[in-house]
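Me: I am new to this structure and would like to go through it in short steps. Could you show it to me?

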Amino acid sequence: MFNKNRGSYRDILRDFSGEIIPDIDAFINGFFDEKIFSADLDFMKEILQFLKEYCIRDGKRIRPLLLLNSYNGYRIGFKKRHEIIKLGAVIEMMHSLLLIQDDIIDRSEMRRGAKALHIQLGDRYSSFSNNTLIGQDIASVTADILFSLSVEIISESKIRYDIKDRFLKIFSQTYEKTAWGQILDSLNTMPKNIDSKSDTPMQVSIMKTAYYTMVYPLTMGYILSGGKNKREIANVESFAIPLGIAFQVRDDLLGIFGIEKDTGKPNDSDILEGKITLPVQNTILKLSDREREQFIKLFLKLKKSKEDVEFIRKSIRDSGALEDTMKLHAKLIDDSYNLLDNLLMKRYNKDVIAGIIESVEDINI
């Protein structure tokens, strides 16, 4: 049983990250440098440079870290670290693809401390066209380029064909399920009506976050290690879903009550976008009929004032929904610690994952 008060797992995670992240970033750098060098036309070289810089912006690299940690934790005699680093880099490049799409969908202007890619491309190419959405148009297509480059890396990776086939199956499942989760999220943002009994926020948390961020990276690493045990794959899924939901709940709370200098993003964006997250859903369930009607009316406004945002935020807090959501988060974290013991990976690698649990547990609001 993991000692939740130990407080040192994040140090283990930090050490592991320090070993892995530089290698992932170095591969991405080198790969794009080769692509830029061999590109036929200047505009291709320039856009590839934009993509390279975007992919290596500072980030936690949590998904490739989970893949590499799972691979190391389950590996028995099958050692091709450099090839696995390449596949970890693919997972980070695919994450960049999804961030590009997210920023276009959410109309976000910043990402990881710099301008969103569609804003950068708009700045660069607006003088070429009367199309005011030229940045979005080009950024949308760069996502296709990133996908093609990712498939190229996978196809050229020097791992056993049977393992590569199983990896590709999970790779495909990852981005299909995430896409369906994004569509569900879009349908749940700025809605014309709100169903107070809908479980959509939880479904979005599972499809868009839990599987994408936790379940699939861990499963990919297990498969790359040569693992085939269906029971262990089920154990990975059972462990990772609560942690993934906790990850999303934390993000939802920080998106409303977070400290902007810590989170790096506005703490009113989810409210302004009309995103129905778990804290919002809990608020709707807890309010009286009259309070619920007023809350929903304000929440559905397309243009909200600062006063509207503060009213919504205060309602979430005063209704008890904030406290309930925090309790849900705490329970999910406890479940994650308990279920981690069931995994058959090496103890050190469990400790690395415990460091991730500690990071998800920490909510500064």
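Predicted model: local features only at pLDDT ≥ 70, side-chain atom pairs only at ≥ 80, totals over all residues.

Me: How many residues does helix α2 have, and how far does it reach?

Reply: Helix α2 covers residues 42–55, which is 14 residues. From its first C-alpha to its last it reaches 20 Å, close to the 20 Å expected at 1.5 Å a residue. The expected span is 1.5 Å times one less than the number of residues. Helices here are DSSP runs of H or I with at least four residues, strands are runs of E with at least two, and both are numbered from the N terminus.

Me: Which residues of α2 are buried?

Reply: They are Ile 47, Leu 48, Phe 50, Leu 51, Lys 52, Tyr 54 and Cys 55. Buried means under 20% relative accessible area, exposed means over 50%, and partly exposed lies in between, with a 1.4 Å probe and protein chains only.

Me: And what covers them?

Reply: The cover of the buried residues of α2 includes α1 (9–38), α4 (81–106), β1 (110–111), α5 (117–125) and α6 (134–156).

Me: Is Met 44 buried or partly exposed?

Reply: Met 44, which is also found in helix α2, counts as partly exposed because its relative accessibility is 30%. Its C-alpha is separated by 17 Å from that of Glu 152, 108 residues apart along the chain.

Me: On to another helix: at what angle do α3 and α4 pack?

Reply: Helix α3 (residues 62–74) packs with α4 at about 155°, and their axes are 8 Å apart. The axes are lines fitted to C-alpha atoms, for helices over the stretch in contact, and angles run from 0 to 180 degrees between N-to-C directions. That angle makes α3 roughly antiparallel to α4, a term for angles over 145 degrees.

Me: Which residues make that contact?

Reply: From α3 they are Arg 63, Pro 64, Leu 67, Leu 68 and Tyr 71, and from α4 they are Arg 81, Ile 84, Ile 85, Gly 88, Ile 91, Glu 92 and His 95. Contact means heavy atoms within 4.5 Å.

Me: What about Glu 83, is it buried or exposed?

Reply: Glu 83 is found in helix α4 and counts as buried because its relative accessibility is 9%. Leaving aside residues up to four places away in sequence, Glu 83 touches Ser 157, Lys 158 and Ile 159.

Me: Where is Gln 248, and what does it touch?

Reply: Gln 248 is in helix α9 (residues 230–257) and is buried, with a relative accessible area of 14%. Gln 248 touches Ser 205 and Thr 209, not counting residues up to four places away in sequence. Gln 248 and Leu 278 are 30 residues apart in sequence and 9.1 Å apart in space, C-alpha to C-alpha.

Me: Last topic: what is the phi of Arg 112 and of Met 190?

Reply: Most residues other than glycine have a negative phi. Arg 112, not a glycine, has a positive phi of about 50°, and Met 190, also not a glycine, has a positive phi of about 55°. Arg 112 is in the loop between β1 and β2 (114–115), and Met 190 lies in the loop between α7 (161–187) and α8 (200–224). Arg 112 is partly exposed at 27% relative accessible area, and Met 190 is partly exposed at 48%.

How values were computed
Residues numbered from 1 in each chain as written. Heavy atoms only, no water. Parallel < 35°, antiparallel > 145°, perpendicular 65-115°, else oblique.
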